[in-house]
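Here is a short briefing on one protein model. It starts with ring contacts, then turns to the fold and to confidence.

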Amino acid sequence: MGRVKRLLTLWLGCFLGAVAAVPMWATAASSNGAGLVYQVEGPNGRFYLAGSMHLLHAERAVLPAPLERAYRKSASIVMEIDTDDSDAQDAGARLLEAAQLAPDTSLQALLGEARWNTVRTALAEAGFDAERASRFEPWGLALLLTQAGFARQGYTSAAGVEQQLTERARRDGKPISGLETAAMQIALLDGLDMNVQRQMLDLTLEEVQEMPQMLDELEDAWRAGDRQRLEALLLEGYRQMPELYTALLVERNRRWVSQIRAWPTTSPPRLVLVGALHLVGEQGLPALLQRAGYTVERLTGGPKVGE
């Protein structure tokens with residue numbers, strides 16, 4: 001269970017960073033890190049595929065050089081959701097609304113007395129009012145506690161990759177589109193089985209104190225472009241939870257590949273930016289695209305000849 005515990009908190013935060021994103025406050029320069037960036041060639045031309053950290057530390061918001069290069073060479077940006085759209089910008093409020101329990105449902109009854117006491121303690125430590133929070137479904141509480149843990153460590157969606165590139169795309173006149181809508185992502189979480197929700201909450205409660213080390217490990221692996229390490233941090237435990245793994249990763253990746261294959265054959269270069277978890281493993285986008293007949297080449301840290 002140790003590996004599963006760590007993965008759930010890490011991935012929950014990455015997923016919901018995109019849903020609950022807020023406007024970016026600054027622009028970062030590029031770094032020498034390799035990142036996780038691919039050049040993809042197929043029937044509809046060339047595009048770039050990059051793994052994102054939806055949340056970054058405000059003092060370490062620089063982007064890997066290959067990601068910078070892919071952005072410059074792309075005419076448009078495709079993200080999990082269109083962060084420049086009004087539907088995404090009010091997603092935070094709609095997410096909190098969706099997380100509300102039905103009026104005739106008691107969270108204390110859903111969780112049991114012992115678990116509820118643990119939740120109350122965690123909420124108090126995070127500065128939340130337990131009575132107000134008791135109206136949230138377990139997945140909503142897991143989100144609340146996870147986001148609070150990220151914020152305490154200085155990790156915010158404002159410094160994350162999506163928000164940085166959203167601001168730059170606005171200035172550069174590059175259109176942004178989404179593979180999904182915020183409503184789709186919210187519905188996915190809200191539709192999780194209650195037993196899965198309780199397990200997610202349990203694991204979040206167990207992990208919240210380990211978050212500083214976990215976040216640093218994840219960021220270091222992402223910056224280095226260490227796929228093996230990212231896979232160990234992000235993916236291994238999900239295979240022990242097939243329902244969650246299938247709903248949150250496999251099915252979404254397959255839908256996205258279908259969308260990419262439907263692009264016009266004359267498509268100009270695009271940058272597809274999704275959470276790093278979606279790029280690792282046999283069900284990751286690079287592997288799925290290769291099986292669909294695309295050529296997938298990893299970009300390295302330095303510029304290619306002629307750039």
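**Aromatic pairs and overall picture**

The model is predicted, and two aromatic pairs are counted in it. F47, W263 and Y294 make up one aromatic cluster.

**The F47 pairs**
- F47 and W263 pair edge-to-face, with 5.2 Å centre to centre and 80 degrees between the planes.
- F47 sits in strand β3 (residues 45-52) and W263 in the loop between α14 (242-261) and β9 (270-275), so this pair ties together parts 216 residues apart in sequence.
- Both F47 and W263 are buried.
- F47 and Y294 also form an edge-to-face pair, at 6.3 Å centre to centre and 75 degrees between the planes.
- That pair links strand β3 to the loop between α15 and β10 (295-298), 247 residues apart.
- F47 counts as buried because its relative accessibility is 1%, below the 20% cut-off.
- Y294 is buried too, at 5% relative accessible area.

**Charges over rings**
- The charged end of R270 sits over the ring of W263, 3.9 Å from its centre.
- K174 lies over the face of Y71, 3.9 Å from the ring centre.

**Fold**
- The protein has 15 helices and ten strands.
- Of its 307 residues, 55% are buried.

**Confidence**
- Mean pLDDT is 83, and 82% of the residues score at least 70.
- Confidence is highest in helix α15 (residues 285-291), at 97, and lowest in strand β1 (residues 30-31), at a mean of 47.
- pLDDT stays under 50 over residues 21-30 and over residues 302-307.
- Where pLDDT is low, the predicted coordinates should not be read in detail.

Conventions. Residues numbered from 1 in each chain as written. Predicted model: local features only at pLDDT ≥ 70, side-chain atom pairs only at ≥ 80, totals over all residues. Heavy atoms only, no water. pLDDT = per-residue confidence, 0-100. Helix = DSSP H or I, 4+ residues; strand = E, 2+ residues; numbered from the N terminus. Contact = heavy atoms within 4.5 Å. Buried < 20%, exposed > 50% of the residue type's maximum accessible area, 1.4 Å probe, protein only. Phe/Tyr/Trp six-rings, centres within 6.5 Å; stacked < 30°, edge-to-face > 60°. Lys NZ or Arg CZ within 6 Å of the ring centre and 35° of its normal.
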